[in-house]
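I opened this notebook to record what I looked up in the model, working from the whole chain down to single residues. The entries below follow the order in which I checked things.

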Amino acid sequence: MTSNIHKYAPIVLLIGLLGVARETQPEHQPQTGILLLAHGGGKTWNAEVSALANTVNQQTPVEVALGMASKQSMQAGIDRLVARHVNEIVAVPLFISSHSSVITSTQYLLGLRAEAPAELAMYAGMHHHHGAPADTSATGDPAKPVQSPVPIRMAPALDAHPVVADILLSRAQAISKDPEHETVLLIAHGPVSEEENNAWLAYMSSLAAAMRRSGGFHEIEYLTVRDDAPEPIRAQATANLRAAVERAA
């Protein structure tokens with residue numbers, strides 16, 4: 001894995017998720033705008049998201065919306081893209097899995113889902129920290145869909161995209177000392193419901209299989225820790241993680 005692949009992988013991934021190959025266009029011509037959705041984080045994470053957006057913005061209009069299904073943040077990004085004269089918007093979520101209440105709530109707020117998920121009420125009442133603005137009455141009811149004069153589409157989350165496997169493998173190789181005798185553990189946050197957790201694990205299985213084909217490691221295991229689940233589920237996930245570490249050791 002070369003350093004160049006690692007450096008440019010997020011940009012390749014963003015374009016791949018968008019699914020639209022476009023040439024640079026003069027501003028007066030119809031064009032697609034990208035609404036880049038990301039969970040806000042610390043200064044370093046937010047700066048990485050901004051740097052990614054700025055790079056792609058050299059060819060395609062990009063605006064960032066931080067937060068977990070934050071209507072205010074998304075509406076502000078949409079308004080900025082409309083002001084830049086885009087004729088359609090593609091929302092690209094830099095989230096781990098499409099099987100998430102954040103994603104379904106976002107789909108509803110963008111007018112892409114008929115029914116509001118029950119979890120939307122929680123996100124609507126949340127103060128979106130880490131660089132995302134708090135939802136206020138400035139954009140109306142935070143649990144009602146956004147307003148947009150142009151059509152909006154939405155790409156899937158990261159899921160099992162091949163570039164994700166490349167990034168994970170490059171990070172494992174960077175700290176590896178003896179891959180033939182090492183086990184890689186892929187650990188994800190994971191959702192609450194069993195159905196969604198199984199979907200996360202299916203994607204992680206695909207990523208692990210891709211890594212095995214070219215990584216040269218003794219084994220690659222994967223699991224979720226499910227921090228937000230009720231105590232019995234979370235405790236079992238913690239026990240599974242400990243068991244995986246003990247097997248690897």
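**Entry 1, overall make-up.** Before counting, I noted that helices are DSSP runs of at least four residues and strands are DSSP runs of at least two, both numbered from the N terminus. On that basis I find eight helices and six strands in the protein chain, and I keep in mind throughout that this is a predicted model. Reading along the sequence, I wrote down the pattern α-β-α-β-α-β-α-α-β-α-β-α-β-α. The chain has 249 residues, and buried residues make up 42% of them. I also looked at contacts between residues at least 6 apart in sequence, and 73% of these join residues at least 24 apart.

I then asked how many cavities of 30 Å³ or more the count gives. The count comes to one, and the largest cavity holds about 60 Å³ of space. Its lining is made by 13 residues, and those nearest the centre are Leu 37, Gly 67, Ala 69, Met 74 and Thr 106. Strand E1 (32-38), strand E2 (62-66), helix H3 (71-83) and H4 are the elements that each give two or more residues to this lining. Sorting the lining residues by type, I get nine nonpolar, four polar and no charged.

H3 has 13 residues and spans 18 Å from its first C-alpha to its last, close to the 18 Å expected at 1.5 Å a residue. Its buried residues are Lys 71, Gln 72, Ser 73, Met 74, Gln 75, Gly 77, Ile 78 and Leu 81. I noted that the cover over these buried residues includes E1, E2, E3, H4 and strand E4 (152-154). After H3 comes His 85, with a positive phi near 70°.

Ala 69 is not a glycine, yet its phi is positive, at about 50°. I place Ala 69 in the loop between E2 and H3, and it counts as buried because its relative accessibility is 3%, under the 20% cut-off. Asp 159 likewise has a positive phi of about 50° without being a glycine. This residue sits in the loop between E4 and helix H6 (162-175), and with a relative accessibility of 11% Asp 159 is also buried.

Where does Ser 100 lie? I found it in the loop between strand E3 (88-93) and helix H4 (101-109). Ser 100 has a relative accessible area of 15% and is therefore buried. A polar atom of its side chain lies 3.1 Å from the backbone nitrogen of Val 102.

Note on methods
Residues are numbered from 1 along each chain as its sequence is written. This is a predicted model: local features need pLDDT of at least 70, side-chain atom pairs count only at pLDDT 80 or more; totals for chains, interfaces and linings use all residues. Side-chain values use heavy atoms; hydrogens and water are left out. Buried means under 20% relative accessible area, exposed over 50%, partly exposed in between (1.4 Å probe, protein chains only). A polar contact is a pair of N or O atoms within 3.5 Å; within protein, one must be able to donate a hydrogen and the other to accept it, and residues adjacent in sequence count only if both atoms are side-chain atoms. On a 1 Å grid over the protein atoms alone, a cavity is a set of points where a 1.4 Å probe fits but cannot get out, and a pocket is an open set with protein on both sides within 12 Å along at least five of seven lines; lining residues have an atom within 4 Å of a point. Grid points are joined across faces, edges and corners, and a volume is the space filled by probe spheres set on the points. Ala, Val, Leu, Ile, Met, Phe, Trp, Tyr, Cys and Pro count as nonpolar, Asp, Glu, Lys and Arg as charged, and the others, Gly among them, as polar. The expected span of a helix is 1.5 Å times one less than its number of residues. Contact means heavy atoms within 4.5 Å.
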